[in-house]
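Let's take a walk through a protein together, one stop at a time. Have the sequence and the 3D view ready.

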Amino acid sequence: MSVGGVAYRRVARPVLFRMGKGDPEVVHHRTLSALARVSRSAPALRLLGGLRRRHPSPRTVFGVDFPSAVGLAAGMDKDGVALKAWPALGFGHVEVGTVTAHPQPGNPRPRLFRLPASGAIINRMGFNNSGAQALAARLATTGRIGVPLGISLGKSKITPVDEAVGDYLTSLRAVYPFADYIAVNVSSPNTPGLRTLQDRAPLDELLAALTTEAGSLAWSLGQRRTPVPVLVKIAPDLTDQAIADLLEVCVDRGIAGLIATNTTLTRPGLAAGDAATAAEAGGLSGRPLAPRSLEVVRFVSAHCDLPVIGVGGISSVDDGLRMLDAGASLLQLYTGFIFGGPPLVTSLNKAIAAR
């Protein structure tokens with residue numbers, strides 16, 4: 001572990017974790033508010049960027065140029081309030097959202113739980129966000145952030161599953177002009193009925209509508225020869241046959257890539273000290289998810305040619321390198337970043353650039 005990593009784990013992380021007085025969401029919002037202030041200050045951004053050494057590993061994936069392989073996963077900055085701070089911390093792309101057509105508060109609190117002995121988190125946030133129109137307005141003001149921006153779309157809770165297509169299309173139309181890629185989230189366990197959209201028939205209908213609309217928007221905006229790439233984020237809890245069916249639909253509908261994986265409803269390999277918290281409802285992310293996420297990435301890579309963004313359980317440099325070796329073209333961090341901090345981003349970038 002790097003000196004910075006040791007300092008974060010021994011000094012910064014304990015302070016941050018005590019800040020929330022038992023509710024990790026308090027820490028999340030305070031940290032995001034601090035980064036939002038940094039994002040609005042050019043001197044602060046230069047200072048923050050100067051503290052992090054650059055280790056580029058440029059690559060082009062689904063037609064988009066990425067300066068490095070390690071990105072920020074959706075869920076950390078849902079409403080895009082701190083966008084310019086993330087590249088200064090070393091991230092080579094940023095995915096905002098998941099955003100929905102209707103603003104929504106999400107599920108009742110508490111809804112975010114740490115499992116420190118396991119290096120994991122359980123969340124049942126429920127797509128709390130200010131809505132697609134609000135995100136679009138903020139992105140119009142923010143402008144380009146220096147790295148590719150992905151925007152994750154989900155279904156509004158108030159929208160019935162059989163009306164999901166229209167809901168996703170509303171969000172797509174609002175944010176499309178600002179996206180370098182679109183991620184279709186049909187795999188969160190915290191919105192009732194959402195995961196049924198991974199089934200063949202509803203997924204085919206949804207992806208057909210989104211890819212067609214993306215083509216129409218590209219033409220009407222006159223900004224691109226080809227539409228913004230559309231990706232699908234999948235659950236780790238699918239069977240191999242269900243993943244194979246999903247891949248077939250994605251290939252048939254011209255999907256540009258996969259994001260593997262979302263959180264899991266299972267509770268694999270948790271430390272004994274986290275047993276009580278493990279009973280909380282919601283999706284599990286973090287270190288215990290790594291083996292299954294790796295399996296899914298390996299399966300997807302073996303069964304289709306679509307590029308994969310690997311996410312789920314990346315808590316160390318070795319985790320990230322294994323994910324790339326399994327076939328991922330890019331990586332994303334969420335829980336690993338919470339437990340490992342900016343030093344994990346730097347160490348991963350350095351190791352990938354040295355390959």
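Predicted model: local features only at pLDDT ≥ 70, side-chain atom pairs only at ≥ 80, totals over all residues.

Residues are numbered from 1 along each chain as its sequence is written, and side-chain values use heavy atoms, with hydrogens and water left out.

Let's start with the rings. The structure holds five aromatic pairs; rings of Phe, Tyr and Trp (its six-membered ring) pair if their centres lie within 6.5 Å, and planes under 30 degrees apart count as stacked, over 60 as edge-to-face and the rest as tilted. Take F62 and F66: their ring centres are 5.8 Å apart and their planes sit at 85 degrees, so this pair is edge-to-face. F62 also pairs with Y181, with centres 5.6 Å apart and planes at 70 degrees, so that pair is edge-to-face as well. Now look at where these two sit: F62 is in the loop between β1 (59–61) and β2 (64–66), and Y181 is in strand β8 (residues 181–185), so the pair ties together parts that are 119 residues apart in sequence. (Helices, H or I with at least four residues, and strands, E with at least two, are DSSP runs numbered from the N terminus.) Put together, ring pairs link F62, F66 and Y181 into a cluster.

F62 is buried at 16%, F66 is buried at 2%, and Y181 is buried at 0%.

Next, find helix α10 (residues 290–303). It has 14 residues and reaches 20 Å from its first C-alpha to its last, close to the 20 Å expected at 1.5 Å a residue; that expected span is 1.5 Å times one less than the number of residues. Its buried residues are A290, S293, L294, V296, V297, F299 and V300. They pack against β9 (230–234), α8 (240–252), β10 (257–260), β11 (283–286), β12 (308–311) and α11 (317–325), where contact means heavy atoms within 4.5 Å.

Follow α11 onward to its partner, helix α12 (residues 335–353). Their axes come within 9 Å and cross at roughly 45 degrees; axes are lines fitted to C-alpha atoms, for helices over the stretch in contact, and angles run from 0 to 180 degrees between N-to-C directions. That makes α11 oblique to α12, given that angles under 35 degrees count as roughly parallel, over 145 as roughly antiparallel, 65 to 115 as roughly perpendicular and the rest as oblique. Here V317, G320, L321 and L324 in α11 meet L344, S347, L348, A351 and I352 in α12.

Last stop: V311, in strand β12. V311 is buried, at 6% relative accessibility. Leaving aside neighbours within four places in sequence, V311 is in contact with A73, K233, I259, A260, T261, S293, M323 and Q332.

Notes
Buried < 20%, exposed > 50% of the residue type's maximum accessible area, 1.4 Å probe, protein only.
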